[in-house]
Amino acid sequence: MGEGASEARGWIRGDETAKQMLSRVLKDRAFLLLPPLHRVPLRAGNVVEVTGASPAAKTQILIQAAISCILPKTWNGIHYGGLGKLVLFLDLDCRFDVLRLSQMLKHRLLQANRLGNGAWWQLEESNVRNCRSAHEKSNTAFDEELYVSCMRRFLYVRCYDSLELLSCLKTLHYRIRQQESCGSQVGVLMIDSIGAFHWTDRLSSSLAMGSHNRKSLSLTNVVETIVLEIKKLLQAHSLVVIATKALIYEEKYPTNENNRKFSSNDELSGNAAIKAQQPPFREFMPSSWQAFVTHKIIIRKSADHHSSQTGQESLSAYSLEWLQPQLSSIDQFIVDDVSKNLSQPLQV
Amino acid sequence: TEDYVFVKIAVEDFLLHDLYQLAAFADRQKNADRLKEGITVMLSLVELRCRPWLNGMELLEDLQRNKQTLSSGDKGVDSLLKGGFREGQLTELVGPSSSGKTQFCMQAAASVAEKHAGRVLYLDTGNSFSARRIAQFGSSSETSLGQKVISRISCHTVYDIYTMLEILQGLDVTLRSQVQTNVNEQRLRLLVVDSISSLITPILGGSGSQGRALMVAVGYMLKKLAHEHSIAILVTNHTVGAGGEGVKTKPALGETWKSIPHVRLMLSRDHKNSNCTISILKHTSMPSGQTVRTTIRKDNQQCV
């Protein structure tokens, strides 16, 4: 009887307190804020889909989010605000330009350096006032060692067709384990872009001569397998998936800023319900992928921005809108030579 | 005695199935160990097929060591593109008919053959290639290009997309089997397809997936060639009516093609004078919208 009582007491007492459990869960499945996707905090296991017609700066968004991930939180006393984790970049578009990543990373490091060493910089400036090397100093005032360690946290592979993609996903678990044994953790899995082999896979569907026992290499089967493999990865490792998707059908009635303004007038006449139900673009991904995605963003091109600061004639301006979860504000941003500037959100 | 189980399965079948389910299925069979061994062998074969993951520094190293920037032959374009065409990238030039696309291509071919001492493969679809004209694109207006430089450019006439695919596949095999002793000596640096839209447009008709799948296959083959053999590829495309508000013309080949080239340039010509404007529609490391004005070189004239 005594044994049973102590056993029962042990069972009731539990393994850990609520505080311990919360601190463990928050550490493993912490909220991530990845600019420029920082309007909605992301958690491990989230799958974010960024849709936009080409060109829409989708890859730029991935690069900026990647930089937020590979930067450390602090280094040598300067606060960078990053996650210090690895980024796995699956390039299905095969167009990734590492120069752009390098440019944007250097710019971020310079910015953080200037902010971090504010007082020091002003002091230095007065000391080296008419010295030409001051300009050079400003260009190299970032930590080379930090730059290299950040670039090494960016892992890249390209796939030229669906079979290569499936092969890569199947062996990804072991590669991540290898990295984790070296002490580095993976933060984000990026896919650019998810609909790249759509037409090729659709053709395989129509040409499939599989018998009943064999699973044919069709579009639905390929996408189902991709979703399955990523789901297994998400179970084993805590990471966020961000995938870009280029539109493959032309929009007959492109929804741009002007159309949105008209729709707000239509609300009075009761057309709001119809407008809200109209999908912003023609969806082509199979339902297995659509059900897998937890967050959706759409990028549209807005009117060209005339920048008086840089003196350039016109820079491309884009708008970023969260479709899922639906936010009422839309971010506007422009892409210029050194960075991507997020301007004030436009209240719609 | 051991039971040998012969299972006729292709790698594709293997890739489409869930490994854990396969292993669980194997467990239920009599010779579970042998089957599991087979699965492990297949997995190692799959892993051999996979490319290795490269980190950011390794990507930069490959870029700086292997992928040089080739001058286009026009100073304005070179300054717009920060050097010119990059090896490993697919550059598309879009323009209406008789806007000077072929001239641009021939000028680029001459520039690569002369300044970078590289071989050029020119695929001509419209019988517009002219060796005499290319010879005039030398850097000095006095003398035309010498025989040695011209011989670096080889031209093939291509009338349909299947011939082009054959040529590209043959090129891939040839380049793979060549032993690179001296990287800079006489290797293929530029591939020109003038114009790729005339090869693709005939097969794009209708809403079926065959035409677009073939277009995507061509695009990926070009990008793979460019990346693996460090070649710059220049293709031309024509324009079609846009039918919308504002913009009158747009590039042909549709929405899917937009994601294929690394760099897209728009060429427009002012027919009153011989001025051309080239603007960036898309670039992997530069914002779009920037333009440059240049002058078409007439016979025996200097380029401004």
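**Entry 1: confidence**

I started with chain B, which averages a pLDDT of 84, with 88% of its residues scoring at least 70. I then looked at residues 299-304 of chain B, where the pLDDT is below 50. In the model this stretch has 11 contacts beyond near neighbours in sequence. I keep in mind that this is a predicted model.

Next I looked up which elements of chain B mark the two ends of the confidence range. Helix 1 of chain B, residues 11-16, has the lowest mean pLDDT, 74. Strand 8 of chain B, residues 232-237, has the highest, 96. For the model I noted an ipTM of 0.87 and a pTM of 0.83.

**Entry 2: the division of chain B**

I looked up the domains of chain B and found domain 1 at 11-49 and domain 2 at 64-294. I noted 45 Å between the C-alpha centres of domain 1 of chain B and domain 2 of chain B.

**Entry 3: chain A overall**

I turned to chain A, which has 348 residues, 46% of them buried. I listed 13 helices and 14 strands in chain A. I then took the contacts in chain A between residues at least 6 apart in sequence, and 71% of these join residues at least 24 apart.

**Entry 4: strand 9 of chain A**

I asked myself why strand 9 of chain A is largely enclosed by the rest of the structure. Strand 9 of chain A covers residues 240-246, and seven of its seven residues are buried, so I wrote the strand down as largely enclosed.

I then sorted the residues of strand 9 of chain A by the way they point. Val240(A), Ile242(A), Thr244(A) and Ala246(A) point one way. Val241(A), Ala243(A) and Lys245(A) point the other way. All of them are buried, Lys245(A) included.

**Entry 5: the partners of strand 9 of chain A**

Which strands pair with strand 9 of chain A in the parallel sense? I found strand 3 of chain A, residues 47-52, which runs parallel to strand 9 of chain A and is joined to it by six bridges. In this pairing I noted Thr51(A), which stands opposite Lys245(A).

I also found strand 8 of chain A, residues 186-192, which pairs with strand 9 of chain A in the parallel sense over four bridges. Here Val188(A) stands opposite Val240(A).

Methods:
Residues numbered from 1 in each chain as written. Chains lettered and ligands numbered in written order. Predicted model: local features only at pLDDT ≥ 70, side-chain atom pairs only at ≥ 80, totals over all residues. Heavy atoms only, no water. Buried < 20%, exposed > 50% of the residue type's maximum accessible area, 1.4 Å probe, protein only. Contact = heavy atoms within 4.5 Å. Pairing = 2+ DSSP bridges. Domains from an automatic or database assignment. pLDDT = per-residue confidence, 0-100.
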